Amino acid sequence: MIKAIRGTRDLLPPDTALWNFVEAAARDVFHAYNFQEIRTPIFEETQLFARSVGEETDIVSKEMYTWEDRGRGQSEKGQSLTLRPENTAGVVRAYVEHKLWDRGLNKLYYIGPQFRRERPQKGRYRQFYQIGAETIGPSSAGSESPARDAEMLEMLATFLNRLGINDWTLELNSVGCPNDRAVYNEALRKALEPVVDKMCGDCQRRAVTNPVRVFDCKVPEDQPIIEKLPRISQFLDEGCRKHFQEVQEILKAVEVPFTLNERLVRGLDYYTRTAFEFTHGALGAQNAILGGGRYDGLSEALGGPSAPGIGFAIGEDRLVLALKESAEAVARKPDVYIAPFGPGMDREAAKIAHELRRHDVVAELGDESFRLKKSLETASKMNARFALIVAENEVKAGAFALKNMDTGEQVSVPRAELARKIQSSR
Ligand code: HAM
């Protein structure tokens with residue numbers, strides 16, 4: 001038997017209703033903040049991710065699905081292509097390619113699959129889905145302003161609350177400008193030198209390649225050492241400090257609670273200044289429901305003009321996991337199961353189904369070959385709220401037997417009133 005690849009999965013009903021619910025709410029909330037949808041390709045040139053996410057990150061060095069495309073001629077080498085591990089690089093590539101700065105400030109959102117070759121576990125997949133958004137534009141359009149950071153964070157709080165997820169924590173940090181980070185990295189290297197041989201293998205590697213990554217370490221024995229390392233806040237320049245302060249002030253003004261976490265360094269190299277994650281307790285080890293931050297130098301790194309930006313991506317798989325308990329509430333059940341009864345009744349039932357569906361009644365259609373008992377059993381199996389019996393006598397009389405599947409009560413309803421009757425008891 002051929003099965004889905006490890007780390008990928010089929011999303012099946014009724015769960016897909018929950019996915020649709022989450023995506024519809026995202027579109028709704030994001031539109032209110034004037035975000036518009038962008039769709040970028042699922043694969044891109046490998047270089048795009050190397051230059052934006054960073055060669056030394058786990059994502060680029062270990063987790064990408066990369067292959068060499070076939071060349072055009074026999075001797076021509078193919079391009080190196082990669083399934084996108086995230087969508088910010090693609091959005092900024094599109095921003096530069098289509099000169100989107102002509103429109104001033106761009107507020108773009110996306111929903112779609114991403115691919116990382118991580119070790120699969122609950123909440124971590126190799127094909128996973130993100131709902132993300134980016135605000136990007138020239139400084140003259142206000143893209144650098146702390147107001148943009150706060151607006152985005154407030155939108156996220158609104159979105160999660162709208163879904164009924166209230167027990168989130170917003171963790172906030174500033175990772176400074178590239179200059180601050182270079183000085184900070186040097187300070188970290190120095191501080192790590194005398195202690196690094198007591199740390200885990202990963203940290204020993206990180207201390208050389210990318211010292212800030214030691215903050216990702218989860219090994220308990222390493223924690224006392226990590227706790228004593230210098231913190232980024234001591235290295236922020238005046239501009240970054242002020243920017244971060246103002247983000248916090250606006251968040252307080254709009255009553256979005258947050259906690260400062262100086263260990264929050266994020267796993268992608270393009271970040272500058274504000275970095276954040278929303279976590280959710282019920283998710284266990286993979287508790288980051290979303291992450292994001294500023295990337296003021298990314299457009300330039302990809303050959304574009306100066307275009308400060310900020311964005312986030314929500315792990316949709318994790319969001320749906322967090323919502324799972326309320327899945328029952330949003331799974332759409334049919335309003336009515338239409339049971340044709342007797343020869344020639346499929347045609348009549350099809351007409352009634354057409355009428356009802358035009359009035360937004362969710363109708364499931366049975367088959368005249370079924371006996372009445374089988375029809376009612378089928379209606380009950382699919383949790384239909386009503387069963388509607390379409391038999392010759394009913395058609396002649398222009399009124400149909402409507403059975404409430406919860407109470408068992410059955411009434412005769414004139415054809416013209418069926419849709420209203422079914423809807424009024426939703
Ligand atoms: P990220 O932190 O790598 O950031 O991913 C964002 C979210 O995607 C994570 O918080 C998590 O919920 C989800 N996620 C990541 N990997 C997996 C996985 N293997 N399985 C399930 N869910 C996963 C980014 O991707 C940045 N592009 C976010 C961003 C946008 N920053 C600025 N703009």
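Modeller: Strand β10 gives the largest share of the shell around the ligand, six residues, where strands are DSSP runs (E, at least two residues) numbered from the N terminus. This is a predicted model, in which local features need pLDDT of at least 70 and side-chain atom pairs count only at pLDDT 80 or more, whereas totals for chains, interfaces and linings use all residues. Residues are numbered from 1 along each chain as its sequence is written, and side-chain values use heavy atoms, with hydrogens and water left out.

In total, 27 residues surround the ligand, the closest being E86, E118, Y125, Y271 and A288; a residue counts here if one of its heavy atoms lies within 4 Å of the ligand. By class, this shell holds twelve nonpolar, eight polar and seven charged residues, with Ala, Val, Leu, Ile, Met, Phe, Trp, Tyr, Cys and Pro taken as nonpolar, Asp, Glu, Lys and Arg as charged, and the others, Gly among them, as polar.

Turning to polar contacts, which are pairs of N or O atoms within 3.5 Å, an N or O atom in the side chain of E86 is 2.8 Å from a nitrogen atom of the ligand, while a polar side-chain atom of E134 lies 2.9 Å from a ligand nitrogen. From the backbone, a polar atom of G311 is 3.5 Å from a nitrogen atom of the ligand. On its own the ligand has 650 Å² of accessible area, of which the protein covers 95%, as computed by the Shrake-Rupley method with a 1.4 Å probe. The elements that give two or more residues to the shell are β6 (127-136), β10 (288-294) and β11 (309-315).

Notes:
A polar contact is a pair of N or O atoms within 3.5 Å; within protein, one must be able to donate a hydrogen and the other to accept it, and residues adjacent in sequence count only if both atoms are side-chain atoms. Helices (H or I, at least four residues) and strands (E, at least two) are DSSP runs, numbered from the N terminus.
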